[in-house]
Amino acid sequence: MPRISEELQIASELSPRTLAQLMDGTLQVIWHPGFYPSDLCDRVLPRISEACENASYTLTADLQSLGTSIGEAAESAGTRTNYFETASATTQLIRDDLFRSAPSPLDRLRVLLDEYWPAGAHAARSADGRLHMLPGIVRRWPRGGQANPHIDQRENGVLDHLGLERRIGMNVYLEVPEAEAGGEIEFWWRISEDDYTDMRRDDYGLDRSAIGPAPHALSPQAGDLVMFDAAIIHGVAAVTAGSRVTAACFAGFSGNGRPLAIFA
């Protein structure tokens, strides 16, 4: 696998200009501090922690995730069906049961993307247009949790009808571990999907021993938004105390004249 060393080009604010630069590859990361008010993070965390403790995630025990994710949907015909059948209920759980009177950071983010991107942005649908895809998800890394280095692939069956040219990961941080207690988002370098598939573990992601330490690691705070090119290998450093909680989704770029597709 070619090891492409690259400096991360990071912008400190989500704007129409930086969004365009992220989509055309000029930027690799947008790190927007204070995107979501910290007091709202504190308000929703007890409900999120309880819901995540009772949730199951089939790909790994390293983290807790609400609902069926796009990664799980790509595993089999059964999980794909479950993904579409549960998307509406998961969305309602996050918006109505967890955030309640507080605005969801993912809803706010989708509105801004629709305003900032010339062709707009909307929740993606199934290939036949009948069913909404899940527009957002909430995940929690408890003590001991981490994420193997990985990329988020454009070619996974469920996304093929979108014709994606770029997949952008988007995380709004609701809770972070204390300083020096892990949970950083790590970045390595961009690789092709074929190279990634050749090196994948049986469960998910890559072995850290095979690619070495991450050249870059960011430590966002609660309320921060981080958007990044998901073709760059990325992971989450092991949490040694506290927990890491994010509201997350993806923006799919299919060309300058097409809307951004939002899914999770």
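**Exercise 1. Charges over rings**

Task: Which ring does Arg-167 lie over, and at what distance from the ring centre?

Solution: Arg-167 lies over the face of Phe-250. The distance to the ring centre is 4.0 Å. The model is predicted. Now take Arg-244.

**Exercise 2. Tyr-36 and Phe-99**

Task: How many aromatic pairs does the structure hold? Classify the pair of Tyr-36 and Phe-99.

Solution: The structure holds 5 aromatic pairs. Start with the distance: the ring centres of Tyr-36 and Phe-99 are 6.4 Å apart. Pairing requires centres within 6.5 Å. Next, the angle: the planes of Tyr-36 and Phe-99 stand at 85 degrees, so this pair is edge-to-face. Then place the residues. Tyr-36 sits in the loop between β2 (29–32) and α2 (38–53), and Phe-99 belongs to helix α4 (residues 77–99). The pair therefore ties together parts 63 residues apart in sequence. Last, check burial: both Tyr-36 and Phe-99 are buried.

**Exercise 3. Trp-117 and Phe-253**

Task: What is the geometry of the pair Trp-117 and Phe-253, and which parts does the pair tie together?

Solution: Centre to centre, Trp-117 and Phe-253 are 5.8 Å apart. Their planes make 85 degrees, and the pair is edge-to-face. Trp-117 is in the loop between α5 (105–116) and β4 (121–123). Phe-253 is in strand β12 (residues 244–253). So the pair ties together parts that are 136 residues apart in sequence.

Task: Are Trp-117 and Phe-253 buried or exposed?

Solution: Buried means under 20% relative accessible area. Trp-117 has 4%, so Trp-117 is buried. Phe-253 has 7%, so Phe-253 is buried.

Key
Residues are numbered from 1 along each chain as its sequence is written. This is a predicted model: local features need pLDDT of at least 70, side-chain atom pairs count only at pLDDT 80 or more; totals for chains, interfaces and linings use all residues. Side-chain values use heavy atoms; hydrogens and water are left out. Rings of Phe, Tyr and Trp (its six-membered ring) pair if their centres lie within 6.5 Å; planes under 30 degrees apart count as stacked, over 60 as edge-to-face and the rest as tilted. Helices (H or I, at least four residues) and strands (E, at least two) are DSSP runs, numbered from the N terminus. Buried means under 20% relative accessible area, exposed over 50%, partly exposed in between (1.4 Å probe, protein chains only). A charge sits over a ring if NZ of Lys or CZ of Arg is within 6 Å of the ring centre and within 35 degrees of the ring normal.
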